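Me: I'm new to this one and would like to learn how to read it. Can we go through it feature by feature?

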Amino acid sequence: MGQKVNPIGMRVAVNKNWRSRWFSGKKTFGGLLIEDIKLRERVKKLLENAGVADVIIERYANRVRVNIYTARPGIVIGRKGQDIERIRSELADIASGKEVYVEIHEVKDPDCNAQLIAENIALQMARRVSFKRVMKRSIKIAMDMGVDGIKVKAAGRLGGAELARTEWYKEGRIPLHTLRENIEYGFAEAATTAGRIGIKVWVCKKKDEAKDTKGGKK
């Protein structure tokens, strides 16, 4: 079997940054890592309709900063900032009494973001839209927005078929073995009546669009 590596994890030392930005000793590392996972799961659950692309967590002495990258910041903030205050209080319960700060960042091109593309495809598949039509349409929109290339892969009981299978479509260039390339990767699951379908998306953006570098944001 082939050994697959996450394209983001493989590029962390080259042109991507960590999603959790903190340091800890061996004794406390495991607990903080589980806490990060719970924080991300809670944010995704609370903002499932807000198009959350990524959640970056930074830790200081007694503070936790949660950076939420979303395509719809208005939904996250809510009327007069009520929703964001509710999110902050719920995250504070998970963060074991530490002070939690929530910052909202807007994703300007959601049609080019790999994670948002995968979630959009999963949502439409769950609504029984033809998977071929959804995948091809997502590829066309991303290419029209100016990406270098995009690849979309779906696996499971596609179209309610008896046997599970894998189908993928690709357009443009996706050089996964070239570490210098700005490759974005996204994964989502569609809960259909026939079972779960996994969707993977790879997007190759132009090099000058790289957001995560060794020193942080450009």
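Me: Let's start with one residue. Which helix does Glu 35 lie in?

Reply: First, some ground rules. This is a predicted model, where local features need pLDDT of at least 70, side-chain atom pairs count only at pLDDT 80 or more, and totals for chains, interfaces and linings use all residues. Residues are numbered from 1 along each chain as its sequence is written, and side-chain values use heavy atoms, with hydrogens and water left out. Helices (H or I, at least four residues) and strands (E, at least two) are DSSP runs, numbered from the N terminus. Glu 35 sits in helix H2, which covers residues 26–46.

Me: Is Glu 35 buried or exposed?

Reply: The words have cut-offs: buried means under 20% relative accessible area, exposed over 50%, and partly exposed in between, using a 1.4 Å probe and protein chains only. Glu 35 has a relative accessible area of 9%, so it counts as buried.

Me: And what does Glu 35 touch?

Reply: A contact means heavy atoms within 4.5 Å. Not counting residues up to four places away in sequence, Glu 35 touches Arg 59, Ile 94, Ala 95 and Ser 96.

Me: Now the strands. In what order do the four strands of the open sheet come?

Reply: Two strands pair if DSSP finds at least two bridges between them. Here the order is E1-E2-E3-E4, with mixed pairing. E1 and strand E4 (99–106) are the edge strands, each pairing on one side only.

Me: How many bridges link each pair, and in which sense do they run?

Reply: Take them in turn:
- Strand E1 (residues 20–21) pairs with E2 in the parallel sense over two bridges, and Ser 20 stands opposite Ile 57 in E2.
- E2 and strand E3 (residues 63–70) are antiparallel, with seven bridges. Asp 54 stands opposite Tyr 69 in E3, while Arg 59 has Val 64 as its bridge partner.
- E3 and E4 run parallel and are joined by eight bridges. Val 64 stands opposite Val 100 in E4, and Asn 67 stands opposite Glu 103.

Me: How many residues does the hairpin between E2 and E3 run through?

Reply: Three residues make the link from E2 to E3. Both strands are mostly covered: in E2 (residues 52–59), seven of its eight residues are buried, and E3 likewise has seven of its eight residues buried.

Me: What handedness does the β-α-β unit of E1, H2 and E2 have?

Reply: Picture the strands pointing away from you: a crossover is right-handed if the path from the first strand over the helix to the second runs clockwise. The unit made by E1, H2 and E2 is left-handed.

Me: What about Val 134: is it buried or exposed?

Reply: Val 134 belongs to helix H6 (residues 131–144). Its relative accessible area is 3%, so Val 134 is buried. Leaving aside neighbours within four places in sequence, Val 134 is in contact with Ile 121, Gln 124 and Val 129. Val 134 and Ile 121 are 13 residues apart in sequence, and 6.2 Å apart in space, C-alpha to C-alpha.

Me: Last topic, pockets. What volume does the second largest pocket have?

Reply: Rolling a probe the size of a water molecule over the atoms shows where empty space is left. On a 1 Å grid over the protein atoms alone, a pocket is an open set of points where a 1.4 Å probe fits, with protein on both sides within 12 Å along at least five of seven lines; lining residues have an atom within 4 Å of a point. Grid points are joined across faces, edges and corners, and a volume is the space filled by probe spheres set on the points. The second largest pocket comes out at about 360 Å³. Among its 14 lining residues, Lys 4, Val 5, Pro 7, Leu 176 and Trp 202 are the closest to its centre.
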